[in-house]
Amino acid sequence: MAAVDSFQLLYREAARSCSPYFETLALVGAVYAASKAVILLRDCCSLIRVHFLPRMIPSKKLAHRFGDWAVIYGASEPVAEAYAEELAKQRINLILVCQDHAAVSNTAATLSQNYAVETLVVSADFTVDRASSKPIKDVLRGKDIGLLVNCVDESLAFPQNLLEMPEQVLMDLVKRNIAVATLMTQLVLPGMVERSRGAVVNITSGACCRPLSSRVTLTACTGYLDQLSRALHLEYGNKGIFIQSLIPFQISSSGRHPSSALAAEGWFVPKPEVYAHHAISTLGVSNRTTGYWPHTLQYKFMKCIPEWIWILGSRMLFN
């Protein structure tokens, strides 16, 4: 009993001497919990403001806010086609730019017939020579270009080891997804700045946020376009130009690659039409967003994971 009494006495004395530290630690814990609660509340409010309110509250038509014409670069990509259709629904005329005229000719004819808009198709292979931009300049002349949409190649999303890629293939990917997107922006911005209105949308990938194994070109190209969008917003945002970086995660390829995991549709892997319908409602609302609220949940979860754990998991998954 004496030993027990002595232990209890020792514990009481130790607790009395440490009580100021316990109070300090409790205060620090309370401040930390409160900060996390504020961040969670802020993220919930942002989710509602970006993804739900614009779809519930009517707004001015995009043609009135930005202009009568839109240029879609990479128009043969499923997401770009779906985005073009959403613009056509709002009676915006379209200029579809791609390497192969035949790849989008049917799309252009369908949109023109269904939505009574004017559609033009421009074939431009920038991997050949710099003169490829001349047909685009000729088409743009005299038109009220209000929107530019740049879309990265869907082929970037497939596993590609950098050392195994042919040099010419690598150079073509860099030109199409970095150089040309930058050039297209340079072509349309002067008219937008002159009219003090317009929007540039760069559809990239959530891969720009964290590195992925066997996805070097995807991470690099989308990272460049994401940073380009943010820099352009800083430079031209006060001139009436809205610059948006769309960073979606997986989107179904709508049967284009049926054997690929990218073609599996689901809640977190929407069809291009579903994604475009959600994404276009964020235009003019958020400068950097996934465009689709389930993807925003994925993005927030991904940012909570320490990078070393992310890299380890990526290596295990793709290997």
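Is V117 buried or exposed? In this predicted model, V117 is buried, with a relative accessible area of 5%.

**View 1. Overall fold of the predicted model.** The protein comprises 11 helices and 7 strands. Of its 319 residues, 43% count as buried. Among contacts in the protein with a separation of 6 or more, 74% are between residues 24 or more positions apart.

**View 2. V117 in the loop between α5 and β3.** Helix α5 covers residues 101–115 and strand β3 covers residues 119–123, with V117 in the loop between them. Leaving aside residues up to four places away in sequence, V117 touches A88, R91, I92, N93, L111 and S112. V117 counts as buried because its relative accessible area is 5%, under the 20% limit.

**View 3. V117 and L94.** These two residues are 23 residues apart in sequence. In space, the C-alpha atoms of V117 and L94 are 7.6 Å apart.

**View 4. A nonpolar patch on the surface, formed by I48, L53, M56 and I57.** Together the four residues I48, L53, M56 and I57 have about 380 Å² of accessible area. One of them, I48, is found in helix α1, which spans residues 2–51. I48 counts as partly exposed because its relative accessibility is 42%, between the 20% and 50% limits. V117, by contrast, is buried.

How values were computed. Residues numbered from 1 in each chain as written. Predicted model: local features only at pLDDT ≥ 70, side-chain atom pairs only at ≥ 80, totals over all residues. Heavy atoms only, no water. Helix = DSSP H or I, 4+ residues; strand = E, 2+ residues; numbered from the N terminus. Buried < 20%, exposed > 50% of the residue type's maximum accessible area, 1.4 Å probe, protein only. Contact = heavy atoms within 4.5 Å. Patch = residues over 30% accessible without salt bridge, like charges linked within 9 Å, V, L, I, M, F, W, Y side chains within 5 Å. Areas by Shrake-Rupley, 256 points an atom, 1.4 Å probe, with all protein chains shown as cover. Salt bridge = Lys/Arg side-chain N within 4 Å of Asp/Glu carboxyl O.
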